[in-house]
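Subject: Structure handover

Hello,

Here is the structure we talked about, with the sequence alongside. My notes on what turned up in it follow below.

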Amino acid sequence: MKLGKEFQCRSYDSMVAHTSIAFARYIMLSLENRRNKDLRTIWGLFYHCCDEIQDIQFCEALQLIIDTIKNVLSEKLMLSKEIIASIIDSFIEALPCHIKEKLSLFSCES
């Protein structure tokens, strides 16, 4: 940005002002460069062209977590299905009330 070559002054205020102007100039040039070269800024075209992953529901996410916990408990600790079910039930009972209320809205089965 030619900070040392285009400006020769010893005043602190003028150096701060010149540096601020140079940074503002850099920001404007960077913004213009991005508008011209970055495809993500063409009126949202990037978001229309890319395939987004479908959001999963809270119930599905919770079911995946519970299934993973069950698999880990059975493989690593070699626990029976009854003990694992007891652990999962205890976990769900220990959850805060506001999460239990949201769980009751869904038809999730652990």
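pLDDT is the predictor's confidence in each residue, on a scale from 0 to 100. You will need that term because this is a predicted model. The protein chain has an average pLDDT of 77, and 73% of the residues reach at least 70. Confidence is lowest in helix α2 (residues 45-49), where the mean is 61. At the other end, helix α4 (residues 81-94) has the highest confidence, at 88.

Overall layout

The protein chain contains five helices and zero strands, so along the sequence the pattern reads α-α-α-α-α. Of its 110 residues, 10% count as buried. The protein chain exposes about 9,800 Å², and 61% of that is supplied by carbon and sulfur atoms. As for contacts between residues at least 6 apart in sequence, 30% of them join residues at least 24 apart.

The core

Which residues make up the largest nonpolar core? There are seven: L62, I66, L73, I84, I88, L95 and L103. Helices α3 (58-76) and α4 each supply at least two residues of this core. The largest share, three residues, comes from α3. As background, nonpolar side chains in soluble globular proteins tend to be buried together.

L73 is one of the core residues and is found in helix α3. Is L73 buried or exposed? With a relative accessible area of 14%, L73 is buried, because the cut-off for that class is under 20%. Setting aside neighbours within four places in sequence, L73 is in contact with M78, L79, I84 and I87. The C-alpha atoms of L73 and I83 are separated by 9.5 Å, and the two residues are 10 apart along the chain.

M78

One of the contact partners of L73 is M78, which is found in the loop between α3 and α4. M78 has a positive phi of about 55° although it is not a glycine. Why does M78 count as exposed? Its relative accessibility is 68%, and exposed means over 50%. M78 is therefore an exposed residue that is in contact with the buried L73.

A surface patch

Y12, M15 and V16 make a nonpolar surface patch of about 310 Å². V16 is found in helix α1 (residues 12-37). At 38% relative accessibility, V16 counts as partly exposed, because that value falls between the cut-offs of 20% and 50%.

After that, look at the patch made by Y12, M15 and V16.

Regards

Notes
Residues numbered from 1 in each chain as written. Predicted model: local features only at pLDDT ≥ 70, side-chain atom pairs only at ≥ 80, totals over all residues. Heavy atoms only, no water. Patch = residues over 30% accessible without salt bridge, like charges linked within 9 Å, V, L, I, M, F, W, Y side chains within 5 Å. Areas by Shrake-Rupley, 256 points an atom, 1.4 Å probe, with all protein chains shown as cover. Salt bridge = Lys/Arg side-chain N within 4 Å of Asp/Glu carboxyl O. Helix = DSSP H or I, 4+ residues; strand = E, 2+ residues; numbered from the N terminus. Buried < 20%, exposed > 50% of the residue type's maximum accessible area, 1.4 Å probe, protein only. Core = buried A, V, L, I, M, F, W, Y, C linked by side-chain atoms within 4.5 Å. Contact = heavy atoms within 4.5 Å.
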